[in-house]
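Student: I have a structure to look at and would like to learn how its features are read. Could you take me through it, one feature after another?

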Amino acid sequence: MRLLHTMLRVGNLQRSIDFYTQVLGMTLLRTTDRPEQQYTLAFVGYGRNPEHAEIELTYNYGVERYELGTAYGHIAIGVDDMVATCDAVRAKAATLGGAITREPGPVKGGNTMIAFITDPDGYKVELIETGSPM
């Protein structure tokens, strides 16, 4: 078994595509519009299935906002240099409706560097430093 994708319902598909591609550096992989079923899908990621997991952004016609609930946690993305990544993301995220909500720093009780970004729909994305800082 392997993880193929995670689906997020979004209130504005183009805004979400812009955030994930322009802020987080993903690529728009494909879109599917289903007018009879009243939804559109956009798949983004750092590569295609099956080598890479993708994020499926789902826009249901006429729905601009969702209650996120308390069960959802976050998506995690590995980065080589936390500080440089957050510096590059900060202005773009603010322009496209997202924000850094936890500045870079060690995880509580450990040494791993993390930060959090919130996307335009309120979903959390954790950045985890996996490489050596440049």
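Tutor: Let us begin with a single residue, keeping in mind that this is a predicted model. Ile117 has its place in strand β7.

Student: Is Ile117 buried or exposed, and what is its relative accessible area?

Tutor: A residue is called buried when its relative accessible area is under 20%. Ile117 has a relative accessible area of 0%, so it counts as buried.

Student: Which residues is Ile117 in contact with, leaving aside its neighbours within four places in sequence?

Tutor: With those neighbours left aside, Ile117 is in contact with Phe19, Leu24, Val89, Ala99, Ile100, Thr101, Tyr123, Lys124, Val125 and Leu127. As for spacing along the chain, Ile117 and Glu129 are 12 residues apart, and their C-alpha atoms are separated by 14 Å.

Student: Which residues touch the most other members of the largest nonpolar core?

Tutor: That core has 28 residues, and those touching the most other members are Phe19, Tyr20, Leu24, Ile55, Leu57, Ile117 and Leu127. Two or more residues of this core come from each of α1 (13-23), β3 (39-45), β4, β5, α2 (82-95), β7 (113-118) and β8 (124-129), and the largest share, five residues, is given by α1. Phe19, once its neighbours within four places in sequence are set aside, is in contact with Leu24, Ala93, Leu96, Gly98, Ile117, Thr118, Asp119 and Pro120.

Student: How many aromatic pairs are found in the whole structure?

Tutor: A pair of aromatic rings is described by how far apart the centres are and by the angle of the planes. A search of the whole structure finds three such pairs. One of them is formed by Phe19 and Tyr20, which is edge-to-face, with 5.3 Å centre to centre and 80° between the planes; both Phe19 and Tyr20 are buried.

Student: Why is the pair of Tyr72 and Tyr123 called edge-to-face?

Tutor: Planes over 60 degrees apart count as edge-to-face. The planes of Tyr72 and Tyr123 lie at 75°, with the ring centres 5.3 Å apart, and the pair is therefore edge-to-face. This pair links distant parts of the chain, since Tyr72 is in the loop between β4 and β5 while Tyr123 is in the loop between β7 and β8, 51 residues apart. Tyr72 is partly exposed, with a relative accessible area of 30%, whereas Tyr123, at 9% relative accessibility, counts as buried.

Student: What joins Asn49 and Pro50, and what is the phi of Gln38?

Tutor: These are features of the backbone. Asn49 and Pro50 are joined by a cis peptide bond, with omega about 5°, and Pro50 is found in the loop between β3 and β4. Gln38 has a positive phi of about 65°, although it is not a glycine; Gln38 lies in the loop between β2 (27-34) and β3, and is partly exposed, with a relative accessible area of 46%.

Student: How much space lies in the largest pocket, and which residues are closest to its centre?

Tutor: Empty space is shown by rolling a probe the size of a water molecule over the atoms. In the largest pocket lies about 250 Å³ of space. It is lined by 14 residues, and the closest to its centre are Ala53, Glu54, Ile55, Ile75 and Ala76. The elements that give two or more residues to this lining are β4 (54-60) and β5 (75-79), and β5 gives the most, with three residues. By kind, the lining of the largest pocket divides into nine nonpolar residues, four polar and one charged.

Key: Residues are numbered from 1 along each chain as its sequence is written. This is a predicted model: local features need pLDDT of at least 70, side-chain atom pairs count only at pLDDT 80 or more; totals for chains, interfaces and linings use all residues. Side-chain values use heavy atoms; hydrogens and water are left out. On a 1 Å grid over the protein atoms alone, a cavity is a set of points where a 1.4 Å probe fits but cannot get out, and a pocket is an open set with protein on both sides within 12 Å along at least five of seven lines; lining residues have an atom within 4 Å of a point. Grid points are joined across faces, edges and corners, and a volume is the space filled by probe spheres set on the points. Helices (H or I, at least four residues) and strands (E, at least two) are DSSP runs, numbered from the N terminus. Ala, Val, Leu, Ile, Met, Phe, Trp, Tyr, Cys and Pro count as nonpolar, Asp, Glu, Lys and Arg as charged, and the others, Gly among them, as polar. A nonpolar core is a set of buried Ala, Val, Leu, Ile, Met, Phe, Trp, Tyr and Cys residues joined through side-chain atoms within 4.5 Å. Buried means under 20% relative accessible area, exposed over 50%, partly exposed in between (1.4 Å probe, protein chains only). Contact means heavy atoms within 4.5 Å. Rings of Phe, Tyr and Trp (its six-membered ring) pair if their centres lie within 6.5 Å; planes under 30 degrees apart count as stacked, over 60 as edge-to-face and the rest as tilted.
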